[in-house]
Number of protein chains: 2
Amino acid sequence: MTGIHDLAREVGVSTATVSRALRGLPRVSESTRERVLEAAVRLGYVPSPHAVGLASGGQTRSVAIVVPFVTRWYFAAVVHGAEQVLREQGYDLLLYNLAGDSAARHRVLRTQVLTKRVDAVLVVGLGPTAEEIAAMQRQGSPVVTLGARVEEWSSVRIDDVEASRTAMRHLLDLGHRRIAFVGGLGEDGLDFTTPTARLEGYRSSLHDVGLPLDPALELDGRFTLDGGVDCGRAVAAMDQRPTAVFCASDEMAIGLMSALRESGLRVPEDVSVVGVDDHEMARFFDLTTVRQPVHEQGRIAAQQILRSLGGADGPAEVAPEHVELATELVVRATTAAV
Amino acid sequence: MTGIHDLAREVGVSTATVSRALRGLPRVSESTRERVLEAAVRLGYVPSPHAVGLASGGQTRSVAIVVPFVTRWYFAAVVHGAEQVLREQGYDLLLYNLAGDSAARHRVLRTQVLTKRVDAVLVVGLGPTAEEIAAMQRQGSPVVTLGARVEEWSSVRIDDVEASRTAMRHLLDLGHRRIAFVGGLGEDGLDFTTPTARLEGYRSSLHDVGLPLDPALELDGRFTLDGGVDCGRAVAAMDQRPTAVFCASDEMAIGLMSALRESGLRVPEDVSVVGVDDHEMARFFDLTTVRQPVHEQGRIAAQQILRSLGGADGPAEVAPEHVELATELVVRATTAAV
DNA sequence: TTGAAAGCGCTAACAC
DNA sequence: GTGTTAGCGCTTTCAA
């Protein structure tokens, strides 16, 4: 591996000059810079990130993105959006996929594994606990959350309560009065805020129109396809079957509909179904849903990170910024009047 | 930030002893080790990866995973599998998502961005060109490919030609003789080997039973949902419509079926459809497909990486190992006899 | 405009 | 068992 020393010797200048030339700093004559650049290419010189980081105050030029799952479309799309923006600015993305494992969550959010490894952290789809917040603050690097609001950090998200209420309003407008909810709580030992908020939107919608809450109508679909299937079977088997089901995610809605149809029920004739996300597959199921900008949230979160990382002169203490993106009802063919 | 020096002073020993104690090396008395460990926790000491890397020969304890897309289920599942295995061994995952961008591909595979940043590289779903292979070899770190076979490196994959032939055999057995192919080539400027191999399987299957190749029946679905939709429309509009379509991926099959149905065609009565992958959504479309182990391929590729990284004593020159996993026909309801 | 030299925070020989 | 002493490959004063 050719190092800066080899380069310096080759060009006949000092390592300091090489360093300046390579980084485009002033006080290097054009001719020297050119010779250095040329030799660098010729010798295939690549600076060691370790040495650079060590010598210049521990920067890593990389940010960690922590996701509860990476195989779910929503999270993958968020990662994609964030990666694009960060890559443009020369940052690398370190992926921490908790994969529904609470031990992994603890390791990443409570211990110091991230310390000194990254310049910033993007936490997606998790509502950090007070201890986790404290632990991450102790690490010193800026944090941005996506999908949850933490006062001390910048965040991007949608209003989950309102998204739920949009879906519910649609069902109520269609005349449905017995509406089931399929959501998820404390999923795999991870603590999310989204499931809670969506349940809350469901409940408050019913409350607003004077309908009673029926615990039997609140189902746990674990935010997965299979969970949706289970709930679909449960709904089909109910004595007093609901005329509509509000699923807190499209994936659960898809699983649910499949089970419903398997049980001989028609959607939307027998049961109306509405989801949340506008998953890439939603249109193929003709699923009525509440669309949220996913890729976009990833991009914005990444921009917030860049903002907190500041320009060339290190982390700027910026005030936390909370962005809330709009959602939109997309009516397709899985909902109909009672 | 407390450094090894602070720790040493605190405990009253030298930094060398602290280093040994922390890393569990021999020649440290139990009592000393305990005191060091205790103080480390108390002071919240975390070694600087930069310094460690620099001092101990440039290791990074991280590996790069290069994927052409991260939002497609297949790649996300591969990433998940690989991450699990690498994380267990204490490696971090640097994600390089090309996102269908050939400039990005060039940057990652041809330039030296990866040099000194990672200990190894996992290239997924791309058939590196000769120049790319040469460029990566110049970087020195071990490389493993997933989904393509490169002689100089270890690899995991399925036999794509055979997977195609399995699907085709199924259609031929059902009596289909006019069979269209939906695949993709040179997708977004990226060069894949999978599309080519799957096309080859289609062609050779027809050839084997003495059927002619009809260029009009070979469609480009770009390996996307939308591409599948386009092909579905094209198929529906054909004068001599095929009785069956073999799609080189489930996602294209799903898009295709949707367009077919929109055009008033029934699946499988009017057209049989078979895909490849066994995408998590395939069962909800009752899609007949050729299943490949996805998560598993990610895990195995990661193990190959660990193998090439060797134990504690650095990269071992291991002979490339080429693993080929079996596929399996999953018959559901989108295929029927003519 | 350039160079010498002192670190950055750790590991690794080697000596004790 | 433990400490001393060099670096690892850069950046960054400070002089020149």
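**Figure 1. Phe223(A) in its loop.** In this predicted model, Phe223(A) occupies the loop between β7 (218-220) and α10 (225-236) of chain A. Helices (H or I, at least four residues) and strands (E, at least two) are DSSP runs, numbered from the N terminus. Phi of Phe223(A) is near 60°, a positive value in a residue other than glycine. Residues are numbered from 1 along each chain as its sequence is written, and chains are lettered from A and ligands numbered from 1 in the order in which they are written. Local features need pLDDT of at least 70, side-chain atom pairs count only at pLDDT 80 or more, and totals for chains, interfaces and linings use all residues, while side-chain values use heavy atoms, with hydrogens and water left out.

Figure 2. In chain A, Val267(A) and Pro268(A) are joined by a cis peptide bond with omega of about 10°. Pro268(A) belongs to the loop between α11 (250-262) and β9 (272-277) of chain A. In chain B, a cis peptide bond with omega of about 10° links Val267(B) to Pro268(B). Pro268(B) lies in the loop between α11 (250-262) and β9 (272-277) of chain B.

**Figure 3. Domains of chain A.** The domain assignment divides chain A into domain 1 (4-55), domain 2 (62-158 + 294-325) and domain 3 (160-292); such bounds come from an automatic or database domain assignment. The centres of domain 1 of chain A and domain 2 of chain A, taken over C-alpha atoms, are separated by 34 Å. UniProt, in an unreviewed entry, lists residues 2-56 of chain A as "domain: HTH lacI-type". UniProt positions are given in the numbering used here, feature names are shortened, and annotations may be inferred rather than shown by experiment. Across residues 2-56 of chain A, the chain is 67% helix and 0% strand, with the end C-alpha atoms 20 Å apart.

**Figure 4. Surface near DNA strand D.** DNA strand D is surrounded by 27 residues, the closest being Ile4(A), Ser19(A), Ser14(B), Arg20(B) and Thr32(B); a residue is near a strand if one of its heavy atoms lies within 4 Å of it. Of the atoms of DNA strand D that come within 4 Å of the protein, sugar and phosphate account for 67%. Elements that each supply at least two residues of this surface are α2 (15-22) and α4 (49-55) of chain A together with α2 (15-22) and α4 (49-55) of chain B. The largest share, four residues, comes from α4(A). By class, the surface divides into 14 nonpolar, nine polar and four charged residues. Here Ala, Val, Leu, Ile, Met, Phe, Trp, Tyr, Cys and Pro count as nonpolar, Asp, Glu, Lys and Arg as charged, and the others, Gly among them, as polar.

Figure 5. A polar contact is a pair of N or O atoms within 3.5 Å. An N or O atom in the side chain of Arg20(B) is 2.7 Å from a base oxygen of DNA strand D.

**Figure 6. Surface and polar contacts at DNA strand C.** Around DNA strand C there are 27 residues, of which Ser14(A), Thr32(A), Ile4(B), Ser19(B) and Tyr45(B) are the closest. Sugar or phosphate makes up 69% of the atoms of DNA strand C within 4 Å of the protein, and bases make up the rest. A polar side-chain atom of Arg20(A) lies 3.0 Å from a base nitrogen of DNA strand C. From chain B, a backbone N or O atom of Ile4(B) lies 2.4 Å from a phosphate oxygen, and a backbone N or O atom of Ala51(B) lies 3.4 Å from a base nitrogen. Two or more residues of the surface come from each of α2 and α4 of chain A and α2 and α4 of chain B. The largest share, four residues, is supplied by α4(B). The surface near DNA strand C has 14 nonpolar, nine polar and four charged residues.

Note on methods: Polar contact = N/O pair within 3.5 Å; in protein donor to acceptor, adjacent residues only side chain to side chain.
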